Amino acid sequence: MSRIEKLPPVVVNQIAAGEVIERPASVVKELVENALDAGATRVDVTLLRGGVELVRVVDNGRGIPPEELPLAVLSHATSKIRSAEDLERVQTLGFRGEALASIAAVSQLRLASRPAQQRQGAELSTTGSESEEVLRRKVRPWGGPPGTVVEVNHLFYNAPVRRKFLRSTQTETSHATEAVLRLALAHPQVHFTLRHGKRLIYDLPPQQQWLRRIEALFGRETAQRLIPIQGQDGPVRLSGYVGHPELNRPHTRWQYLFLNGRPVRDRSLTHALNEAYRGLLLTGRYPVCFLRLEMPPEMVDVNVHPTKLEVRFQDGSRVYSQLLGTLRRKFLETDLGTRLQVPSEQAAAPEPQPGPQSLQFVDWAKAQLARQHQAQGGNPAGPHAPPPTLTQQLGENPFVLPPGGYALPEEPAPSAVRSGTQETSQPQQAPWDPEPPSSPGAEAPGQAKASPAEAFPPQGTEPPRAMQVHNRYLVVEEPQGIVVIDQHALHERVLYEQLRERVAGGPLPTQRLLVPQVVELTPEELATVRENQALLAQLGFELEAFGGQAVAVQSHPALLPPGRLEEAFRELVHRLSQAPGTPGAEAVLDPLLHLLACKAAVKAGDPLSEAEIQALLRQRHLAQNTHHCPHGRPTALLLSREELDRQFLRT
Ligand code: ADP
Ligand code: MG
């Protein structure tokens, strides 16, 4: 065993840095917090290479006197607390006096500052772990404006292992963007800008109203679907916004909680939030919220986590009940029902188009045109034809695949069957028809326990007897027994298989929109779109910048009903922003195809005509290989004849 020795300051600081500085985003967080603690009303953040090469934060706060510059970068030196008792009533974001020292230990740091009342400022560059004496000798005069500039260059240049753990520029940028976003949300009265190189990601002018800042960051449509929340329990005040249930997300990232101006995560409060939404959201979907909790600092310990993201409440259960109670009361007095209650009717109706009345009129006019076209025997799905409405797509020809499309040639499209433009080749059989259809090769008693996928007979046989129940399941009579099929899951699987085959051969067929659909994005989403434009084009999305943070969708994958266009597009973008690795790679593409298939498929709750049921069943051989929908849910269940006989005590 070696002797016990005190570690040199370099190592101590690097270990400390390990706790708080994980990636460029952590640097951004610490520096912006310092600027806010200094009372800045304007904070400008610039990144290079996702912040790995440079994070620069410029503020107009109160500045650091030249003689204090060396102290600012020494560890355990702070202007924010003086004693242990002060820890009980911390009002600032920082107080540990360690951030700048930790950052300096793993980068090349430059600090320049000028207090407003002084004529000249001073600057100091360090690579960390230098003594106070050495640092004092390095202070130089600086002629900048009042405020502070901190530059962090070459993060982890001296910690190769840490550097290796950094991700792509895109990923690091998005983490850093999120760090700015959180603090910008918490401090709407402060003007923030964020740039990556020359590219402006955020320009957020000061706002008196919190909702305006939320709108600037998350788009108008989000802001319009927020419900204001207010509650007071003794000295604890809760305020902010929660999303209308229809504004749900497939993740919990849009749940923002601020405690006394500090972004925090708290398991128990997240639980309270989800509890309040119970029954209002499908599983796997999460509410959106922007909530502020204000309470006297002594009621909460913020010193339990190095990055102070987690906190400990003195009376956690009381805060829990306050959140849950406030939300429940609000939901009771708010009419949330209209779009939620009647899945069958609601889902079949065209989705209300956001936007001005005139656009709805255009949609209506286009739908009329399409119908006329169809009546004249034209092809409404032609490349330049007006797009069919959701009802047309779902109600009349959901399984007609795009021109040059995926449908197998021997299958007449159900709309053609119905409109009589093509000879009806399949006798239409009512599901309740007493005469069972002949089913060749049906006797397979040994296979009674066959999986539902195997139960699907090969294509070309007589249509099986089938009916839709609850507008969501298809009950099919098969030789082996009764197969219950989840209509959405099966359609999704079929579309996915077709898409996968199709995309291998080139871009997917697209449908051009006569009137481009404008989608407002957050700056982060816009960056993702820019970086993945080629991939989105391969999927059939042709896009153009539309000023500000909006893009105009010029064309979309033909199989996607226009009513679902925006939702699908947004989710694709979200998925892309999460995807690591090279765009276009199989690993990225596959989940996107799943998503497209899911969005394009009929939903549970969509009533299907008999022709549609048969069309869907005719394609189920495509679900042969795997009888699970891309999300892993089964597409079909088999209740075998054997099992039925056993249950009814016939054997
Ligand atoms: P802490 O924020 O926990 O005090 P830091 O290491 O982040 O520790 O900063 C050390 C000190 O440097 C702060 O207490 C503050 O006095 C000063 N400082 C850092 N950044 C700024 C800034 N942008 N404006 C004014 N003072 C700053
Ligand atoms: Mg700090």
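Which atom of ligand 1 is 2.9 Å from a polar backbone atom of leucine 100? In this predicted model, where local features need pLDDT of at least 70, side-chain atom pairs count only at pLDDT 80 or more and totals for chains, interfaces and linings use all residues, side-chain values use heavy atoms, with hydrogens and water left out. Residues are numbered from 1 along each chain as its sequence is written, and chains are lettered from A and ligands numbered from 1 in the order in which they are written.

The atom at 2.9 Å from the polar backbone atom of leucine 100 is an oxygen atom of ligand 1. An oxygen atom of the ligand also lies 2.5 Å from an N or O atom in the side chain of serine 79, and a nitrogen atom of ligand 1 is 3.3 Å from a polar side-chain atom of threonine 148. Taken alone, ligand 1 exposes 530 Å², of which the protein buries 93% (accessible areas from the Shrake-Rupley method with a 1.4 Å probe).

Ligand 1 is surrounded by 19 residues, with Asn34, Thr78, Ser79, Lys80 and Gly97 the closest (a residue is near a molecule if one of its heavy atoms lies within 4 Å of it).

Turning to helix packing, the axes of H2 and helix H7 (residues 169–186) come within 8 Å and cross at roughly 25 degrees (axes are lines fitted to C-alpha atoms over the stretch in contact, and angles run from 0 to 180 degrees between N-to-C directions; helices are DSSP runs of H or I with at least four residues). H2 is therefore roughly parallel to H7, a term for angles under 35 degrees, whereas those over 145 count as roughly antiparallel. The axes of H7 and helix H8 (residues 210–218) come within 9 Å and cross at roughly 160 degrees, so that these two helices are roughly antiparallel to each other.

How values were computed. Polar contact = N/O pair within 3.5 Å; in protein donor to acceptor, adjacent residues only side chain to side chain. Parallel < 35°, antiparallel > 145°, perpendicular 65-115°, else oblique.
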